[in-house]
Amino acid sequence: MPQSEFGLSCTNMKKALFLLGVSWILLAQTGADSVDTATVARMRAEEMEHSEIMHTLHMLTDRYGPRVTGTPNHEAAVKWVIAETTRWGMKNAHQEAWDFGRDGWSNERASGFIVAPVHQNLKFEVLAWTPSTKGTVTASAIQIYPPLGPLVEPSADTSPGRGGRGFGPTHLGPTREEMDAWVAATKDKVGGKIVLAGKQTVIPVSFEAPQKRRPDDLVKAMYDPERGDGGRGAFGGRGRGGPQDPNRLTAAQVSDRVDGMLLKGGAIARVNDAARADGIIVAQQNRFYDAAKCVPTVIVRNDDYGRIERLLADGDDVKLELNILNHTYPDGKTSYNAVAEIPGTDKADEVVMLGGHLDSWHSATGATDNGIGSSIMLEAVRLIETLGLKPRRTIRVALWSGEEEGLLGSLAYVKQHFGTAEDPKPEWYKLDCYFNVDTGTGRLRGGSVFGPKEAAAVLRPLFAQFEDWGLFGAVGAASRQTGGTDSTSFNNAGLPGIGMSQDPIEYNTLTHHTSLDTYERIVPDDVKKASAEIAAAVWYVANRGEMVPRFSKADMPAPVEAR
Ligand SMILES: [Zn+2]
């Protein structure tokens with residue numbers, strides 16, 4: 001631009017530069033919303049060179065896993081987190097009780113064999129909240145076929161469930177009358193037997209390699225700020241398929257009826273098909289959470305289930321032996337969230353939270369779900385402590401229990417501390433936002449922020465510091481539906497919950513809730529990077545001039561009942 005048009009003399013230029021300098025200093029002092037790139041660089045270097053995350057994960061998995069809600073293992077993990085965060089210099093580390101309302105449950109011993117007409121040890125896991133066998137029991141196996149109802153092709157608007165399955169045709173379920181008739185015809189056959197419930201699911205050999213990383217262009221499109229709707233790339237409260245016909249029983253209701261029949265009919269044990277390839281077993285819980293309401297129940301790997309089925313079809317008397325010893329813990333009715341803080345300075349009454357669930361399922365050590373999410377959050381606060389950083393707002397890490405049973409620990413905490421947008425407690429106004437990680441070991445790829453567009457925009461300049469590590473932005477989310485993970489407990493209350501999305505790696509294919517969810521399945525490089533990214537994001541938010549914007553009263557989505 002020519003000087004005449006610019007219209008500034010040398011003196012004026014000096015004045016302008018001086019003013020520019022003053023305003024830059026003012027911006028730095030008051031706005032403080034520019035990214036502190038020097039600290040981001042220190043966090044990156046410190047984490048990649050001196051990480052302790054794999055030690056934290058080792059303790060949570062190898063020492064304290066599995067960490068089922070209501071068990072001594074989970075409580076020991078909570079106590080370790082309190083001691084460890086205190087050792088790092090964090091303040092106010094403590095456990096907060098909430099009412100789980102059920103006994104804790106654990107399996108101590110489980111062995112099983114086919115003893116006739118062949119001999120083989122069975123690969124299986126025990127279903128949680130089911131009873132022990134009476135020592136070693138041997139009995140003939142029988143197979144029963146609960147009614148399924150008519151088969152239908154999925155409708156176009158039926159979204160697949162989490163885990164990438166559920167695309168195929170599904171059964172509508174039996175009517176109540178069909179179920180009653182089947183129970184009446186079957187109940188006298190199960191006494192003294194070990195009962196295989198249902199036909200084996202045939203899992204064909206797959207010729208497709210599962211995708212472990214999401215391509216960058218796909219992730220960039222997911223977190224494109226112009227998209228604006230948000231939520232789809234992370235947890236947005238998806239439904240679980242089409243509407244259920246009220247005249248037909250769901251698969252869960254059928255299973256409950258089978259449990260009742262087996263208990264009343266004097267069956268020795270129930271055997272379910274794991275229905276997964278590669279020996280993968282997912283063993284969750286009996287829906288009653290009451291060992292008095294069902295018989296001992298195991299989930300046998302698909303291959304063993306198929307072998308027993310085929311031997312039975314040959315007309316053989318197939319005998320199985322089981323020995324299962326489970327424990328229940330009445331003290332588990334009270335469970336605990338673990339909480340620790342880095343106190344703030346001039347805005348100490350405002351709080352930036354980060355967390356994940358510490359509880360797990362029981363058939364492995366709960367590494368990807370969610371020992372690692374917990375470890376990432378712990379490592380993030382350890383980094384901030386190690387670097388001697390003093391945030392303006394208080395930083396509070398919280399590790400929940402009861403997530404696997406329905407986000408129970410985080411919902412209890414949110415209810416107790418914050419209330420809801422419609423019935424807020426004083427702390428509701430003081431929570432800045434809540435970061436959550438809970439989808440395995442993969443790199444962080446973006447964040448879904450409950451709130452108006454401006455809320456997601458807050459995080460973009462910080463996340464942009466990590467594009468070389470594959471973190472590509474943030475989008476808004478507006479659903480108050482609970483589901484998926486604990487950030488939705490905050491969304492449900494109208495608070496800025498932030499769900500971080502990750503590369504899938506082996507989460508859906510191998511580890512989520514399975515018998516293979518162990519320390520070995522963690523990618524150290526990914527989780528170190530995630531820790532530095534969360535530390536930088538928390539640090540950034542904790543020092544901004546303003547809190548993360550929220551929906552105004554007029555724009556707040558209608559409340560949804562937590563479930
Ligand atoms: Zn989880």
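User: Which residues in α6 meet which residues in α8?

Analyst: In this predicted model, the α6 residues are Met-179, Val-183 and Thr-186. Their partners in α8 are Val-254, Arg-257 and Met-261.

User: Why is α6 called roughly parallel to α8?

Analyst: Helix α6 spans residues 176-186 and helix α8 spans residues 251-265. They pack at an angle of about 25°, with axes 11 Å apart. That angle makes α6 roughly parallel to α8, because angles under 35 degrees count as roughly parallel. The crossing of the two helices is right-handed.

User: How do you know that Ala-380 touches Ser-531?

Analyst: Two residues are in contact if their C-beta atoms, placed from the backbone, lie within 7 Å. Ser-531 is on the list for Ala-380, along with Leu-354, Ile-534, Ala-535 and Val-538. That list leaves out residues up to four places away in sequence.

User: What makes the set around Ala-380 a nonpolar core?

Analyst: A core joins buried residues of kinds such as Ala, Ile and Val through C-beta atoms within 7 Å. The largest one has 87 residues. Ala-380, Ile-534, Ala-535 and Val-538 have the most contacts inside it. Helix α15, residues 524-543, gives the most to this core, with 12 residues.

User: Which residues does the second core include?

Analyst: This separate core has 41 residues, including Leu-122, Val-254, Met-261 and Ile-308. Val-254 and Met-261 also belong to the α8 side of the contact with α6.

Notes
Residues numbered from 1 in each chain as written. Predicted model: local features only at pLDDT ≥ 70, side-chain atom pairs only at ≥ 80, totals over all residues. Axes fitted to C-alpha atoms, helices over the stretch in contact; angles between N-to-C directions. Helix = DSSP H or I, 4+ residues; strand = E, 2+ residues; numbered from the N terminus. Parallel < 35°, antiparallel > 145°, perpendicular 65-115°, else oblique. Left-handed = near helix turned anticlockwise from the far one by under 90°. Buried ≥ 20, exposed ≤ 12 C-beta atoms within 10 Å, placed from the backbone.
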